[in-house]
Amino acid sequence: MIKKRHKILLFTIFILTTWILLFYILPIGDGNWNKKQIQKINSIEDSDNFCFVVMGDNKNGFHTFHKIIKDINNKKPLFAIDVGDLVFDDEKEKYRLFYNEIQKSEVPFLVGIGNHEILEGNNANYLKIFGDLYYSFSYNGSLFIVLDDSNQEFIDNQQMKFLENELKKDFKHKFVFMHVPPFDPRDYTLDIFGLIHKDIKPEHSLSNKENAEQFMNLMSKYNVTTVFSSHIHGYFNETKKGVYY
């Protein structure tokens, strides 16, 4: 007969082994998530009447994120896209929790990479699960371009060439998605008990201003419809040089 304490020990070992397998060893999906979502979009019959959902910076806010997924399923947009900071850091178990949530989406669900995905110094898990760091796709006369500016500094030359080549294509509408915005829209005055007044211009945007300006000039040159970004935990909209951000 196995003694009670031995049963408890065996059960504990089983739970720990299962946890280690789930969160550290077993793969999350079979890779190329974004490519498969684009294939789903390509299989949808063309329609002039469609919408899409944009979000970002959910990190570990799973309770709210779960509600958002349910709302998406109710509204049935063409697709949804999360433009980065999917997880708090690059640890595999956090990706697994996020992956399990987006699998519940009943519409194609795309992702982009944010700075929190590279907090551990690399983007290995993101690449294994989701595929390319930047990509594009189209639907019924609209072009969608997803970029990687997770370094928070600049968009590299290779991407800038890719971006311009895509923008040269003949599409009625062009949408660009990125995590870190090219400029910070916030501007406010700090007032502490009427004693300290200070004008504040936060800089939660690409730190290489020359690169950011180059990016924005491309947006204007090719008449981009809208640029979507996140990173700043709030909602802002602004038109610059004829482009809606």
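**Close-up views of selected regions**

**View 1. On helix α2, the face turned away from the buried side carries the exposed residues Lys 35 and Asn 42.** The model is predicted: local features require pLDDT of at least 70 and side-chain atom pairs count only at pLDDT 80 or more, whereas totals for chains, interfaces and linings use all residues. Residues are numbered from 1 along each chain as its sequence is written, and side-chain values use heavy atoms, with hydrogens and water left out. Exposed denotes over 50% relative accessible area, buried under 20%, and partly exposed the range in between (1.4 Å probe, protein chains only). Helices (H or I, at least four residues) and strands (E, at least two) are DSSP runs, numbered from the N terminus. Within α2 (residues 33-42), the buried residues are Trp 33, Asn 34, Gln 37, Ile 38 and Ile 41. These residues lie on the same side of α2 because they cover an arc of only 135° around the axis, the arc being that of the directions from the helix axis to the C-beta atoms. Their cover includes β2 (79-82), α4 (92-102), β3 (109-111), α5 (124-130) and β4; here and below, contact means heavy atoms within 4.5 Å.

**View 2. Helix α6 (residues 157-167) has the buried residues Gln 159, Met 160, Phe 162, Leu 163, Glu 166 and Leu 167.** They cover an arc of only 160° around the axis, which places them on the same side of α6. Asn 157, Gln 158 and Lys 161 are exposed on the face turned away from that buried side. Among the elements covering the buried residues of α6 are β4 (135-139), β5 (142-146), β6 (173-177) and α7 (209-221). At the start of α6, the backbone nitrogen of Gln 158 has a side-chain oxygen of Asp 156 within 3.1 Å.

**View 3. Ile 155 is found in the loop between β5 and α6.** With a relative accessibility of 1%, Ile 155 counts as buried. Apart from neighbours within four places in sequence, Ile 155 is in contact with Leu 147, Asp 149, Met 160, Met 178, Leu 206, Asn 211 and Phe 215. Between Ile 155 and Gln 214, 59 residues apart in sequence, the C-alpha to C-alpha distance is 9.7 Å.

**View 4. Gln 152 and Lys 241 have positive phi values.** Most residues other than glycine have a negative phi. Gln 152, in the loop between β5 and α6, has a phi near 65°. Its relative accessible area of 32% makes Gln 152 partly exposed. For Lys 241, phi is near 50°, and this residue lies in the loop between β10 (239-240) and β11 (243-244). Lys 241 is also partly exposed, at a relative accessible area of 47%.

**View 5. Leu 190, Ile 192 and Phe 193 form a nonpolar patch on the surface.** Together they have about 320 Å² of accessible area, calculated by the Shrake-Rupley method with a 1.4 Å probe; for residues, only the protein chains shown count as cover. Patches consist of residues with over 30% relative accessible area and no salt bridge, like charges being joined within 9 Å and nonpolar side chains (Val, Leu, Ile, Met, Phe, Trp, Tyr) within 5 Å. A salt bridge is a side-chain nitrogen of Lys or Arg within 4 Å of a carboxyl oxygen of Asp or Glu. Phe 193 occupies the loop between β7 (188-192) and β8 (196-200) and, at 78% relative accessibility, counts as exposed.

Note on methods
Polar contact = N/O pair within 3.5 Å; in protein donor to acceptor, adjacent residues only side chain to side chain.
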